[in-house]
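I'm opening the notebook on a new model today.

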Amino acid sequence: MRPIRLTMSAFGPYASKQVIDFEELNGRNIFVISGKTGAGKTTIFDAISYALYGEASGDSRETDSLRSHFADDNTETYVELEFELRGERYTVNRIPKQKKKKARGEGYTEKSADATLTLPDGKVITKVKNVTDKIIEILGITREQFKQIVMLAQGEFKKLLLADSVEREGIFRKIFNTYDYEKIQNELKEKAATLSRNRTKSKDKIQT
């Protein structure tokens, strides 16, 4: 998955709309996101994770608290991510649950979370769960796996290091699509077991 354009509106420390155009990197696969503490570096990763899975990149950030405290009452909080996968482009847009100022009178009304996913063929998928399920199907990984192998939040690298071998094996098998090799391995094991059983039977016959 290669990010193309990330748009954040009233998200985290960003009061207004901010657009990050990754195409300006001109195909460079390695780059640095730098800045002072509190400048909003982690928020960029939160926005990508939220756009894809509806949750921030770290466990310490709640989904319902992603709206910027500096935003104007009339500015809607949302994140939009355009990304490329296997040569095809997708656009996912998510709006977290937030309070909206009433058009008439005083006070606020609560607006529910929403999401849309535009596929390469132009088809649009709506509703939060439907979009999340489709993203998992497209990328082939869950949010937890995404955190472990694609976007390690600060202080969480230790979790990957301490994961047991069975868990890591399953994650990497899914990412690198090595199911065919697993199938070959299992078939060879079965053939070896069959040969061993036949050898034992033949040995017993000879002894008899």
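My entries follow, going from the whole chain down to side chains.

**Ground rules.** I'm working with a predicted model, where local features need pLDDT of at least 70, side-chain atom pairs count only at pLDDT 80 or more, and totals for chains, interfaces and linings use all residues. Residues are numbered from 1 along each chain as its sequence is written, and side-chain values use heavy atoms, leaving out hydrogens and water.

**Whole chain.** I find 6 helices and 8 strands in the protein chain; helices (H or I, at least four residues) and strands (E, at least two) are DSSP runs, numbered from the N terminus. I read the order from the N terminus as β-β-α-β-β-β-β-β-β-α-α-α-α-α. Of the 208 residues, 31% count as buried, where buried means under 20% relative accessible area, exposed over 50% and partly exposed in between, with a 1.4 Å probe and protein chains only.

**Helix H1.** I looked at residues 41-53: these 13 residues reach 19 Å from first C-alpha to last, close to the 18 Å expected at 1.5 Å a residue (the expected span is 1.5 Å times one less than the number of residues). Of the 13 residues of H1, 10 are buried, so the helix is largely enclosed by the rest of the structure. Among the buried ones I noted Ile44, Asp46 and Tyr50.

**Ser9.** Is Ser9 buried or exposed? I get 4% relative accessibility for Ser9, so it counts as buried. Ser9 sits in strand E1 (residues 2-11). Leaving aside neighbours within four places in sequence, Ser9 contacts Ser16, Lys17, Thr75, Glu76, Thr77 and Tyr78, a contact being heavy atoms within 4.5 Å.

**Salt bridges.** My search of the whole structure gives 13 salt bridges (a side-chain nitrogen of Lys or Arg within 4 Å of a carboxyl oxygen of Asp or Glu). One of them joins Glu84 and Arg2, with the closest N and O atoms 3.1 Å apart. Glu84 is in strand E3 (residues 78-85) and Arg2 in strand E1, so this pair ties together parts 82 residues apart in sequence.

I also checked Arg143 and Glu55, whose closest N and O atoms are 3.5 Å apart. Arg143 belongs to helix H3 (residues 143-149) and Glu55 to the loop between H1 and E3, so that pair links parts 88 residues apart in sequence. Arg143 counts as buried at 9% relative accessibility, whereas Glu55 is partly exposed at 34%.
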